Amino acid sequence: GIKHFGKPMTFDDFVKAIASNASNKTSPFGLHLGTNAHWKPQRFHCSLEKFLPVYSFVGRYENIREHAEALLRSLNLWDDLGERGWAPALEPAARLGGGQRQRQRQRRGPQRPSSRTQD
């Protein structure tokens, strides 16, 4: 179940607590600097109110490809970083580290020999 400030609560209770207008950072209610990082708005993580005047670019995750390209082009970094990406493309299995691959094989269990014949 959900725990908020160490106390179990229903989902309805959780929504009410988060939707509260409380601003005291020691309060289990409301969205403020003391709120669990998973629930509080992203603006608290980047001190948006304080630094908004110095931001020259705001992107959205929903448009990350287009916004990342626009940002890199505006910084004249597209040719160095953006066009090819910042790392070589990997096959899905290669993205997993050695320990992760082993755990993945253990979850799948033994592999059956392929019934396909080679030409």
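Q: Why is Lys-40 said to have no salt bridge, and which side chain of opposite charge is nearest?
A: In this predicted model, the nearest side chain of opposite charge to Lys-40 is Glu-49, 11 Å away. A salt bridge requires a side-chain nitrogen of Lys or Arg within 4 Å of a carboxyl oxygen of Asp or Glu; Lys-40 therefore has none, although it is buried.

Q: Where is Lys-40 found, and with which residues is Lys-40 in contact, leaving aside neighbours within four places in sequence?
A: Lys-40 is found in the loop between α1 and α2. With those neighbours left aside, Lys-40 is in contact with Leu-31, His-32, Leu-33, Thr-35 and His-45.

Q: How many aromatic pairs does a search of the whole structure find?
A: The search finds two. One of them joins Phe-11 and Phe-14, with 6.3 Å from centre to centre and 35° between the planes.

Q: What makes the pair of Phe-11 and Phe-14 tilted?
A: Their centres are 6.3 Å apart, and the limit for a pair is 6.5 Å.

Q: Why is the pair of Phe-14 and Trp-39 called edge-to-face?
A: The ring centres of Phe-14 and Trp-39 are 5.0 Å apart, and their planes stand at 75°. Because edge-to-face applies over 60 degrees, the pair receives that name.

Q: Which parts does the pair of Phe-14 and Trp-39 tie together?
A: Phe-14 lies in helix α1 and Trp-39 in the loop between α1 and α2 (42-45), so the pair ties together parts 25 residues apart in sequence. Phe-11, Phe-14 and Trp-39 form one aromatic cluster.

Q: Why does Trp-39 count as partly exposed?
A: The relative accessibility of Trp-39 is 37%. Buried means under 20% and exposed over 50%, so Trp-39 falls in between.

Q: How many of the 119 residues of the chain, as a percentage, count as buried?
A: The share is 12% of the 119 residues.

Conventions. Residues numbered from 1 in each chain as written. Predicted model: local features only at pLDDT ≥ 70, side-chain atom pairs only at ≥ 80, totals over all residues. Heavy atoms only, no water. Phe/Tyr/Trp six-rings, centres within 6.5 Å; stacked < 30°, edge-to-face > 60°. Helix = DSSP H or I, 4+ residues; strand = E, 2+ residues; numbered from the N terminus. Buried < 20%, exposed > 50% of the residue type's maximum accessible area, 1.4 Å probe, protein only. Lys, Arg positive; Asp, Glu negative; His and termini not counted. Contact = heavy atoms within 4.5 Å.
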